[in-house]
Amino acid sequence: MTPYLFDHLDALALLVKKGPLGVFLDFDGTLSLLVPDPEQAQIDPACREALALLARRLALVAVVSGRRAEHLRQKVGLDAVVYSGNHGLERWEDGSLRVHPVAAVAQESVAQVCREVLPVAAEHNVYVEDKGPLVGFHYRPAPDWEQARRALLRELEPRCRARGLTLYQGIALIEVRPPMPVSKGTAVRELA
């Protein structure tokens, strides 16, 4: 059986007293419901109130997501929260956006690869999401996922290799990323 936090409030109170404490949350599926169109995702007002309360009491409240940091800031709308976007490649904190230096250097190469592969993406009905330091090719809308994936990889792999970029494959998704390991986990470690 999964432990229930509220059954352990005494232990939690002792932990909170020991030192700085922070909380790290994802946006999609955590602060908002998962919805078919990510643009329609909204934070529940009660959740926003709880985050505001936590931000006043904890050393750090951070939203860590694959979304852009600026987009997270707009969706959540709390200045006291740190927004780590694009799996840690971007961070919105204290009123300004910071892009990881390696990602900033690679951004033009990522954009160039995207421009070169756009005709193949259009041919297979692939949605291209330009997220600044990285670009996602979502082949969920493609009539034939496997055919679209193979066509994209055929075009992306040599271009990324030539520019020193990395490819990440998710569910019906291929991302072109800067040459560095990034994930929500690396973002949380950096913030902690």
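**Burial, backbone angles and a pocket in a predicted model**

User: What makes Asn86 count as buried or exposed in this predicted model?

Analyst: Asn86 has a relative accessible area of 0%, and buried means under 20%, so Asn86 is called buried. Its place is in the loop between β3 (82-85) and β4 (90-93).

User: What is noted about the phi of Asn86?

Analyst: The phi of Asn86 is positive, at about 50°, although this residue is not a glycine.

User: Why is Asp94 called exposed?

Analyst: The relative accessibility of Asp94 is 75%, and exposed means over 50%, so Asp94 counts as exposed. Asp94, which is not a glycine, also has a positive phi, of about 55°, and it sits in the loop between β4 and β5 (96-99).

User: How many residues line the largest pocket, and which lie nearest its centre?

Analyst: The lining has 33 residues, and those nearest the centre of the largest pocket are Asp28, Pro38, Glu129, His138 and Leu173. Two or more lining residues come from each of the elements β6 (127-130), β8 (166-170) and β9 (173-177). The space in this largest pocket is about 1100 Å³.

User: How do you know which classes the lining residues of the largest pocket belong to?

Analyst: Each residue is classed by its type, with Leu and Pro among the nonpolar ones and Asp and Glu among the charged ones. On that basis the lining of the largest pocket has 13 nonpolar, 13 charged and seven polar residues.

Key. Residues are numbered from 1 along each chain as its sequence is written. This is a predicted model: local features need pLDDT of at least 70, side-chain atom pairs count only at pLDDT 80 or more; totals for chains, interfaces and linings use all residues. Side-chain values use heavy atoms; hydrogens and water are left out. On a 1 Å grid over the protein atoms alone, a cavity is a set of points where a 1.4 Å probe fits but cannot get out, and a pocket is an open set with protein on both sides within 12 Å along at least five of seven lines; lining residues have an atom within 4 Å of a point. Grid points are joined across faces, edges and corners, and a volume is the space filled by probe spheres set on the points. Helices (H or I, at least four residues) and strands (E, at least two) are DSSP runs, numbered from the N terminus. Buried means under 20% relative accessible area, exposed over 50%, partly exposed in between (1.4 Å probe, protein chains only).
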